[in-house]
Amino acid sequence: MFEDKWFPVARADELVLRHVFHAQLHGVELALWRTDKGEVNAWENRCPHRGMRLTLGINTGKSLKCQYHGWQFHSGDGQCSVVPSIPDGSMPHSACAKSFSVAEKNGFVWVNLARDYLSEPSTLVHPFSLPSSVLRSITVNAPLALVRAKLPGFCHYDRHVDRQTFQAQEDGLMVHVCWQEYMLQTIEVLFMLQPAHTEKTVIHVMCNQSDDELKWTRRINQALVNLKLELEADRQIREHEPLIAPQPVQALPRWLPARVVEREEIAEQVASFRLHLPSFNRFKGIEAGAHIDVRTPQGLVRQFSLVEWDTKAQELLIGVKLEPESRGGSASLYNEVREDSVLEISAPRNHFRLVPGKGGTLIAGGIGVAPLVAMATQLEHEKLPYHLHYFVRNIYSRAFVDQLNKLANVSFYQAMQPDQVSEQLNSILAKVTPEQPNVYVCGPKGLLDTVFKVIRENGWSHIQVRHELFSNRVTHQDEHTFRVTLARSGQSYIIPSGVSITDALREYGVHIETSCEQGVCGTCYTKVLSGNINHKDVYLSEEEKQSGACMMPCVSRSASGDLILDI
């Protein structure tokens with residue numbers, strides 16, 4: 001297991017725009033890249049699809065494109081956002097670049113392979129005065145311990161150093177040296193060590209002389225070259241196979257505190273909540289379609305789309321509708337949460353992204369307008385064609401009217417009955433062209449069913465529907481008792497009719513993490529090694545369901561026979 005420490009892996013100026021920088025830390029190859037907005041990513045240098053080096057790929061400014069099959073992985077969460085062979089955009093949610101905690105400070109990029117932090121790590125603080133100039137780094141083919149032992153004797157490699165005044169201090173992976181010259185001027189140099197692998201160390205350098213930086217770069221670099229030649233003399237230098245990095249021992253915490261700074265009634269039984277997060281700076285690359293999990297006062301977990309987000313103010317905006325058949329989730333948020341209340345939320349996730357560079361037709365029903373407001377705003381900002389069609393029961397049900405009024409292409413419909421909606425959708429979808437085939441739908445399941453029905457009846461096969469549901473009515477009709485075997489332990493358990501796999505296994509002492517327990521959020525995603533699955537979730541794509549390789553055990557079950565799970 002890797003040390004829980006931060007290491008410099010590159011100068012900040014080496015991460016130029018539209019470039020992918022190669023680094024190595026403890027034998028793990030890293031792909032470092034910066035988005036056009038300045039966000040820095042540190043990923044393992046392997047495409048999760050075929051293992052191709054990501055440093056051979058293309059930095060698009062928003063995502064990293066692997067050159068092997070053209071898969072693209074989004075900044076921040078590393079999720080797959082484009083698969084050329086899947087034109088309908090139903091991305092495999094499990095395909096994700098492995099990312100590590102990264103921070104940019106003092107002119108360097110720092111990485112911790114072991115943990116992921118919410119804020120700037122205190123371990124970057126050191127006892128030395130901070131020099132002003134970042135100089136050239138140098139690679140030495142020698143173990144970290146040997147390099148660290150030689151650096152306090154830096155004066156032996158620079159003949160201009162006054163040995164009478166030379167002093168050296170060490171603090172972990174940092175070595176600070178200073179001396180006096182030129183009219184008692186104090187020269188300070190800070191060396192920071194990066195253990196690339198067991199036989200290779202990178203020395204990063206800072207100096208307090210900024211008036212003639214080139215001179216000091218040449219002088220200190222020459223001294224380090226002398227040190228390098230001495231250490232590498234008679235050493236056999238060979239390439240080492242890159243390690244496969246394990247997952248960080250502590251991922252980003254599941255729950256983060258968020259204070260409600262504003263609660264406002266925005267429609268009939270709909271309230272908006274503006275949330276302030278002290279650690280918002282850890283959320284990178286948020287785009288339209290993202291959502292968060294919220295732990296309600298009753299302890300239930302529900303998903304809410306982001307309508308707006310403000311990085312500078314460190315705020316998120318969500319909407320909550322009081323559902324008449326609420327099991328205590330939306331009701332407890334709507335009725336109990338007030339301004340200054342503190343909620344626990346997850347980091348934003350996104351399974352509902354816009355197709356890059358393409359416009360679209362947006363169809364919303366009720367509170368489902370939340371992610372589509374963000375999408376319309378993004379499309380308008382990018383000057384891409386769009387039209388948002390919003391279905392509500394009456395004018396009092398319109399949510400986020402202030403945001404909608406700022407958009408150029410919005411149409412309202414007072415219709416929620418299937419026959420009324422179907423008539424309007426015939427007119428709306430008839431205008432969808434093969435050149436702009438993307439239709440985004442969010443709202444009640446009945447709205448989505450009607451969209452598919454209209455498309456099917458008219459034979460509009462060119463229309464590509466992308467959708468998101470945060471509720472799922474699960475029926476227990478025609479269920480039967482079956483057996484589940486856990487492959488890793490070899491234990492088998494009986495799953496009764498009417499009882500979910502996760503609930504049954506919990507009674508046996510086997511815990512599968514769940515969240516929504518409606519087959520919506522994907523938290524309980526489980527690989528299936530054998531068996532015929534009756535999928536009841538709305539999370540997996542049709543392709544994933546047809547593969548039979550995974551399931552959501554909080555709602556899905558066996559269609560016939562027994563199941564073997566990769567647990």
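This is a conversation about a predicted model of a protein and one of its helices, H6.

Reader: How many helices and strands are there in the protein?
Author: The protein contains nine helices and 33 strands.

Reader: And what does the C-alpha trace span along its principal axes?
Author: The trace spans about 90 × 60 × 45 Å.

Reader: What share of the residues counts as buried?
Author: Of the 567 residues, 53% count as buried.

Reader: Let us turn to H6. Which residues does it cover, and how far does it reach?
Author: Helix H6 runs over residues 418-429, which makes 12 residues. From its first C-alpha to its last it reaches 15 Å, close to the 16 Å expected at 1.5 Å a residue.

Reader: Which residues in H6 are buried?
Author: Val-421, Ser-422, Leu-425, Ile-428 and Leu-429 are buried in H6. They cover an arc of only 125° around the axis, so they lie on the same side of H6.

Reader: Why do residues three or four places apart point the same way?
Author: An α-helix has 3.6 residues a turn, and therefore residues at that spacing point the same way.

Reader: What covers the buried residues of H6?
Author: The cover includes strands S24 (360-365), S25 (386-392), S26 (410-414) and S27 (438-442), together with helix H7 (445-458).

Reader: Which exposed residues does the face turned away from the buried side carry?
Author: That face of H6 carries Asp-419 and Glu-423, which are exposed.

Reader: A change of topic: how many positive and negative side chains does the protein have?
Author: The protein has 57 positive and 64 negative side chains, and the centres of the two sets lie 3 Å apart.

Key. Residues numbered from 1 in each chain as written. Predicted model: local features only at pLDDT ≥ 70, side-chain atom pairs only at ≥ 80, totals over all residues. Heavy atoms only, no water. Helix = DSSP H or I, 4+ residues; strand = E, 2+ residues; numbered from the N terminus. Expected span 1.5 Å × (residues − 1). Buried < 20%, exposed > 50% of the residue type's maximum accessible area, 1.4 Å probe, protein only. Arc of directions from axis to C-beta. Contact = heavy atoms within 4.5 Å. Lys, Arg positive; Asp, Glu negative; His and termini not counted. Charge placed at Lys NZ, Arg CZ, Asp CG, Glu CD.
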